[in-house]
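Here is a briefing on one protein model, arranged by topic. Please keep the sequence and the structure in view while reading.

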Amino acid sequence: MLLAGASVFSCICAPAFADVSQAMKDLDIQTTIYGFLNGQIESVQAEGGATPYNSRGRVSDGNSRLGFSGSIGINQYARGIWQLEGGLNNFENGGVNDQGSSATLESRNTFIGIDDTRFGRLIAGNNDSAYRSLVGSGGELGGNLGLTSHGLDVLNNTSAQMTGNANSIFSRGEARYKNSVHYTSPVWAGFQAAASYGFDENESNGGNRGRYSLAAKYGIGGFEIGAGYDRQANTGVLTDNLSAGYGFQTGAVNNVDTYFYKLVASYKFPTKTYVGVGYEVANYGYSQFIPASGTNLYPSTTLGKMKQNGWMISAAQDIGENISLMAGYSKLGKLDDATYANPEDYEATQWSVGAMYKFNDYLSTYVYYTDINNKSQQSVNLGQAPIYSNNSGTSSAYLAPGDSPRAFGVGLIAHF
């Protein structure tokens, strides 16, 4: 009876499956599964601050991910596009990071939209801002390509990374916008532009913290140059945290804004030599409460702005088809108009070196070393696997100001 039932079911469904398959072919529906796992065995430490992080070994994740993407044909020019991407971050720790949070299937770039060869691409969802996707530091003046190409940050997706996060030295304005819409133009004679806007649906504490960014780039031959601007409303320096010993942090501050702008450029020589440079200016708003005192009879609130510049340079040399040598140096300058301590106390430098060997297009191994030097009030951290000297395992985990991380490790990355 089971065999007979299965036979009848297959006969009934076969035409239906054939109709669906033909319909998909007619619509030109495409679906792709992609991602990579990137594991690192390393030795890390951070010394110099009030609570040092003693030398220890660990296995860490290099921004691993799993994604599904696809498109549905509309006409000869336009396609509907979609993507569902999740982080496999911290796979070595059961998916939970040192701040006690875990990634979800849609924690990375996840969107739906339209892509038209004449007018460009418009998407809505959770996605990298134009400041990150078009002129970011992950690869090819943007993106985050998992060590598959040389970008400004030649050791992107390793602990030796020096860009792309709020606690990095360079490109601190990069972010992934939730509740957002993004437009990217077609390429016109080497020129391309993009814009992003992230809505603040919550408007907590009475302030709308909507965020937007603009970016443009131009490429000709092996040369590329790009510029970006990012602005977040009602966001500024948490000045109370400075004097409390938590280090430099930003958060919800009404009536002030935080914004960034940067210029990046790169050139690929015929000798398989890559060189990249970048310069970024950060402007942080702040609001400081001044209590009443003997010389000040009435309490007041002062609004102001702190300014800080950062820059970096990187280089890579491919040897044959399988070997790459990589190095980078970056510096974060003084914090002008700091409300606590000296402006020079917020400086930091980082240098990184590494080498990679490609077994083939899908599997590579690499080795790296990075060293960060934080001044007494700065807390620049490791790129993809930061370390925390205080409150580890909680959402309030942080690296003590003045602690200077360094890491030595070997990694293996598998693409699929």
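Asn-156 is buried, at a relative accessible area of 5% (buried means under 20%, exposed over 50%, partly exposed in between, with a 1.4 Å probe and protein chains only). Asn-156 sits in the loop between helix 2 (130-133) and strand 7 (176-184). This is a predicted model: local features need pLDDT of at least 70, side-chain atom pairs count only at pLDDT 80 or more, and totals for chains, interfaces and linings use all residues. Residues are numbered from 1 along each chain as its sequence is written, and side-chain values use heavy atoms, with hydrogens and water left out.

- Ser-324 lies in strand 14 (residues 323-332). Helices (H or I, at least four residues) and strands (E, at least two) are DSSP runs, numbered from the N terminus.
- Ser-324 counts as buried because its relative accessibility is 6%.
- A polar contact of 2.6 Å links the side chains of Ser-324 and Asp-318.
- Leaving out residues up to four places away in sequence, Ser-324 touches His-150, Gln-317, Asp-318, Gly-354, Ala-355 and Met-356 (contact means heavy atoms within 4.5 Å).

**Strand pairing and hairpins**

- Strand 1 (residues 29-47) and strand 2 (residues 53-61) run antiparallel, joined by 7 bridges (two strands pair if DSSP finds at least two bridges between them).
- Gly-39 has Asp-61 in strand 2 as its bridge partner.
- The hairpin of strand 1 and strand 2 has 5 residues between the strands, and Gly-48 there takes a positive phi near 120°.
- Strand 8 (residues 191-198) runs antiparallel to strand 9 (residues 211-220), with 8 bridges. Gly-198 stands opposite Arg-211 in strand 9.
- Strand 9 also pairs with strand 10 (residues 223-237), again antiparallel, over 10 bridges. Tyr-212 stands opposite Arg-231 in strand 10.
- Strand 9 and strand 10 form a hairpin with 2 residues between them. In its turn, Gly-221 has a positive phi of about 60°.

**A partly exposed strand residue**

- Leu-84 belongs to strand 4 (residues 78-87).
- Leu-84 is partly exposed, at 26% relative accessibility.
- Leu-84 and Asn-109 are 25 residues apart in sequence, and their C-alpha atoms are 6.8 Å apart in space.

**Cavities**

- There are 2 cavities of 30 Å³ or more. On a 1 Å grid over the protein atoms alone, a cavity is a set of points where a 1.4 Å probe fits but cannot get out; lining residues have an atom within 4 Å of a point. Grid points are joined across faces, edges and corners, and a volume is the space filled by probe spheres set on the points.
- The second largest cavity has a volume of about 30 Å³.
- Its lining consists of Ile-169, Arg-172, Glu-280, Ala-282, Tyr-284, Gln-308, Asn-309, Gly-310 and Leu-332. Strand 12 (273-290) and strand 13 (300-319) are the elements that give two or more residues to this lining.
- By class, the lining of the second largest cavity has 4 nonpolar, 3 polar and 2 charged residues (Ala, Val, Leu, Ile, Met, Phe, Trp, Tyr, Cys and Pro count as nonpolar, Asp, Glu, Lys and Arg as charged, and the others, Gly among them, as polar).

Key. On a 1 Å grid over the protein atoms alone, a cavity is a set of points where a 1.4 Å probe fits but cannot get out, and a pocket is an open set with protein on both sides within 12 Å along at least five of seven lines; lining residues have an atom within 4 Å of a point. A polar contact is a pair of N or O atoms within 3.5 Å; within protein, one must be able to donate a hydrogen and the other to accept it, and residues adjacent in sequence count only if both atoms are side-chain atoms.
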